[in-house]
Amino acid sequence: MSNISRFQSGTALMVALGLSAGMVAPIVSPAPAFAQTRFIDVPSDHWAESFIIELAEMDVIAGFPDGTFQPNAPVTRAQYAAMVRKAFNQTDVRGSVSFFDVASDYWATPAIDEAYRMGFLSGYPGNVFRPSQNIPRAQVLVSLANGLNYSANQVSLAQYYTDVAAIPDYAINSIAAATEQQMVVNYPNVQLLRPQQTATRADVAAFIYQALASQGQVATVGSPYVVTLAQTPTPSPNSARLPAGATIPVTYGDDADEIVLLPDETVPLTLTVSQTLTNSQGQVVIPVGSEIIGELRPSGEGSQFVAQQLVLTNGQRVAISATSGIVTETKTIRRGIDVRDTLAGAVLGSGAATVIAEITGDSRIDVLEILSGTAAGTVAGVLLGRDRIEVITIDPSRDLTLTLNSNLAL
């Protein structure tokens, strides 16, 4: 293929998507230190396994030193630019530009410049690029469609996506083109685009792989989550619905006063609906006691819950697009504190628990409830020698009320 020489670059920039937003420079290591093509957190039945493994074998993406890929971690615009640079070799369509917020010695400057010149990415008004901003799914699809110069024919997006109303105006034509080219991959519900949701590493791997497939650069992957033109979802006219913008009150656990996370930590979480929700016709759409499965993810300067699945009290499971507000409240944990006193009633992400134990030297942290999760980078190594750390603190009773990003039909 025309860009194979890029895939086999001698220094192998580790990261394409392997950086946390807070890092100021990429981890660069000679191959094969990060040349793994199998990842301990991407099992064979993972929805994006084929996309991820194929791109890893091509050296377009890479994992982390601990053998993980962190498929659910968010992707920044700088990280996305680095991946685009490795995946595509398009002819330049414009000259370079210097963005005010991208320093000449910034790790991603060459990637941002090349992605800009090829037409995959642009800046914002005021000549800024916002390299550390998480990139939404819609923006990734627009980028790929524009960079590959795809245009739409006559596709009605309402035929394919139940949340078409959530697609920003600027993205409609490009997403229609991406849909025609079978570049859109929606998990777990192929009919739910979630255009405003932050793209994960798995999302971006799937989108880029499908973009390469549309160019004949790679073989097609048989996935039930690829949107094809044969699909024509038509929601039942008798279905009970809640409109986009509706709020869902939730609770977490019985006794949790707060949830404590590192700023770059992703933690799976299941919330419980605390109030029966009905539509304007009085139909019960979500009964009290239903569960919402999702995860807390880094977002901007804080953390945000992103819903993935609604489990009704009758056991029915439905994909849902809903998010909490972004929580930015922090607490400083200092060396020498009494963990059980300071964090009484708290639930900790595993990354936060590890770092707090390191900072405080208090082994009694294991008496607290610990949530499994992932934190980008090697937190313990980064924090070694400090005597304090700031953590994100979330009040479940106040901060986790959800807002639907698209209509919910049952």
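## Basis of the description

Two strands are taken as paired if DSSP finds at least two bridges between them. Strands (E, at least two residues) and helices (H or I, at least four) are DSSP runs, numbered from the N terminus. The model is predicted: local features need pLDDT of at least 70 and side-chain atom pairs count only at pLDDT 80 or more, while totals for chains, interfaces and linings use all residues. Residues are numbered from 1 along each chain as its sequence is written, and side-chain values use heavy atoms, with hydrogens and water left out.

Strand E16 covers residues 388-394, and five of its seven residues are buried, so the strand is largely enclosed by the rest of the structure. Here, buried denotes under 20% relative accessible area, exposed over 50%, and partly exposed the range in between (1.4 Å probe, protein chains only).

E16 runs antiparallel to strand E4 (residues 258-261), to which three bridges join it; valine 260 has threonine 393 in E16 as its bridge partner. Strand E12 (residues 330-334) is also antiparallel to E16, with five bridges. In that pairing, isoleucine 389 of E16 is the bridge partner of isoleucine 333.

Of the ten residues in strand E9 (residues 302-311), eight are buried, and the strand is mostly covered. Nine bridges pair E9 with strand E8 (residues 291-299) in the antiparallel sense, and leucine 310 in E9 is the bridge partner of isoleucine 292. The hairpin of E8 and E9 has two residues between the strands, and glycine 300 adopts a positive phi near 60 degrees there.

Three bridges also join E9 to strand E10 (residues 317-319), again in an antiparallel arrangement. Leucine 310 stands opposite valine 318 in E10. The hairpin formed by E9 and E10 has five residues between the strands, and in its turn glycine 315 has a positive phi of about 95 degrees.

## Nonpolar cores

A nonpolar core is a set of buried Ala, Val, Leu, Ile, Met, Phe, Trp, Tyr and Cys residues joined through side-chain atoms within 4.5 Å. The largest such core has 73 residues, and those with the most contacts inside it are Leu55, Tyr80, Phe88, Leu144, Ile175 and Ile208. At least two residues of this core come from each of helices H2 (49-57), H3 (77-87), H4 (109-118), H5 (137-147), H6 and H7 (201-214). H7 supplies the largest share, ten residues. Apart from this core lies another, of 32 residues, including Leu242 and Leu402.

Helix H4 is mostly covered, with eight of its ten residues buried; Ile112, Glu114 and Arg117 are among them. Glycine 119 follows H4 and has a positive phi, near 90 degrees.

## The contact of H5 with H6

The axes of H5 and H6 come within 8 Å and cross at roughly 70 degrees. Axes are lines fitted to C-alpha atoms, for helices over the stretch in contact, and angles run from 0 to 180 degrees between N-to-C directions. The two helices, H5 and H6, are therefore roughly perpendicular, a class that spans 65 to 115 degrees, whereas under 35 counts as roughly parallel, over 145 as roughly antiparallel and the rest as oblique.

Contact means heavy atoms within 4.5 Å. On the H5 side, Ala138, Leu141, Val142, Ala145 and Asn146 meet Ser174, Ile175, Ala177 and Ala178 in H6. These residues divide into seven nonpolar, two polar and no charged.

Serine 174 lies in H6 (residues 172-180) and counts as buried at 10% relative accessibility. Leaving aside neighbours within four places in sequence, serine 174 is in contact with Val142, Ala145 and Asn146.

Notes:
Nonpolar A, V, L, I, M, F, W, Y, C, P; charged D, E, K, R; others polar.
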